Amino acid sequence: MLVTGGTGGLGALVAGHLVRRHGVRDLVLLSRRGPDAPGAPALTAELEALGAHVTVLACDVADREALREVLDATPGLTGVVHTAGVLDDALVQDLTATRLDTVLAPKADAAWHLHELTRDRPLSLFVLFSSLAGVLGNAGQGNYAAANAFLDALAEHRHDLGLPAVSIAWGLWDAESGMTGALGHADRARLARAGIAPLDVQQGLALFDAALTAPDPLVVAARWNTSGLRARAANGDLPHLLKGLVRAPRQSAATGPQAAAPAAGLVARLSALPRAEALRVLTETVQAHVATVLAHGSADGVDIDRPFNELGFDSLTAVELRNRLNADTGLRLPPTLVFDHPTVAALATHLIGALAPSVTPSTAPESAPEDTLRAALDRLDQVLEHANGEAAAIRQRVVPLLQNALTRLGSVLATAGGVMDKIDSASDEEIFALIDNDL
């Protein structure tokens with residue numbers, strides 16, 4: 001029996017299961033590092049203690065000639081289990097040829113080589129470890145989804161040829177591997193919200209056994225988080241293939257126009273508030289979504305001025321935040337949102353201009369003088385942010401106005417710390433710094 005990716009993670013689990021449960025006594029385990037892979041000596045000793053003869057080889061299974069040499073040296077081969085795979089997640093616009101090849105080669109290319117090099121052998125099984133990503137898709141995993149979809153199609157092709165084959169589209173394993181071991185708490189929480197729960201080792205191996213006798217060339221082996229599925233059904237974004245797993249919510253007064261358009265309610269709420277208060281509400285809304293995406297217990301722990309990349313965002317969490325804000329605001333925001341506006345505060349300031357452009361100091365309900373001033377300065381920040389080459393000219397017009405305003409407030413500012421002493425000799429940059437620090 002040949003197992004690719006057989007020295008670690010799922011490959012090692014399956015190798016042990018083949019010996020214990022299925023009585024396999026001759027195993028060839030392939031991996032890039034072979035006997036030098038972490039845990040390989042211990043795995044070999046464990047399987048040999050159970051009575052198996054184990055050969056561990058270093059082989060890049062995407063290299064057809066290297067794989068041919070291994071197979072030529074294994075004349076009595078009776079089965080193949082292809083578990084090898086690599087992740088290199090990225091948004092579509094960031095998928096380079098190299099990133100595609102990194103993922104496709106060890107999974108899709110290797111599977112095709114295994115098919116062609118063994119098609120004339122009397123195999124009893126040909127198992128491909130695919131992924132739910134190939135069936136349902138997954139944000140940031142276009143390359144990985146394509147590789148696994150190829151495995152699913154290959155199993156069907158072999159099936160049509162009368163050759164043994166089954167592709168198992170796995171959900172999440174609660175076991176460390178080259179792919180699942182890198183998942184953090186936030187990743188697992190995101191998957192739970194998507195409706196996917198982890199399989200423990202016993203559940204996964206039981207599904208492996210069931211797949212071996214399945215009549216179809218493709219089976220999905222996953223455990224579902226029903227709360228996540230129901231939430232997606234309520235939001236209307238549950239994939240069609242999963243709609244039979246949970247009951248769709250019934251339409252009622254609670255799920256009528258008001259519930260169907262939460263964005264309208266948010267916009268109306270913001271428009272009725274003074275700009276400073278509207279910005280505070282929107283900041284708290286963004287902060288809450290960030291806390292959910294990063295699986296924080298409370299939004300209080302999210303620093304609104306800390307860059308998203310320092311908070312722990314990656315391309316997948318960035319897309320999820322964008323999707324949540326799209327649903328909450330009714331806007332069509334770009335996937336690069338968190339990179340264009342890299343903090344909660346900056347993002348909220350950007351969003352309020354789109355959601356409630358009419359909320360200005362002149363049209364908002366009467367507010368405190370400091371709120372009016374802060375709102376004006378927020379608006380100035382937005383103008384300067386999008387001014388590009390005209391920023392210098394705008395600053396030349398604005399600085400005198402600010403200097404005059406500070407002069408009129410001279411007596412107040414003087415008692416607040418001698419600010420007037422700084423005004424006459426201040427440069428443009430110092431004036432803006434003064435506003436930032438002292439107002």
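Which residues in α3 meet which residues in α4? The legends below take this up after a note on the model.

This is a predicted model, in which local features need pLDDT of at least 70 and side-chain atom pairs count only at pLDDT 80 or more, while totals for chains, interfaces and linings use all residues. Residues are numbered from 1 along each chain as its sequence is written, and side-chain values use heavy atoms, with hydrogens and water left out.

**View 1. Helix α3 (residues 64-72) packs with helix α4 (residues 97-118).** Helices are DSSP runs of H or I with at least four residues, and strands are runs of E with at least two, numbered from the N terminus. The axes of α3 and α4 are 10 Å apart, at an angle of about 45 degrees. That makes α3 oblique to α4 (under 35 degrees is roughly parallel, over 145 roughly antiparallel, 65 to 115 roughly perpendicular, and the rest oblique).

**View 2. Residues of α3 meet residues of α4.** R64, L67, R68 and L71 in α3 meet A110, H113, L114, E116, L117 and T118 in α4; contact means heavy atoms within 4.5 Å.

**View 3. β7, β8 and β10 form an open sheet.** The order is β7-β8-β10, and the pairing is mixed. β7 (172-173) and β10 (223-224) are at the edges with a single partner strand each, so one side of each has no neighbour in the sheet. Strand β8 (residues 196-199) pairs with β10 in the antiparallel sense over two bridges; pairing requires at least two DSSP bridges between the strands. R223 in β10 is the bridge partner of A197.

**View 4. Helix α8 (residues 201-212) lies across β7, β8 and β10.** α8 runs at about 90 degrees to β8. Angles run from 0 to 180 degrees between N-to-C directions, and axes are lines fitted to C-alpha atoms, for helices over the stretch in contact.
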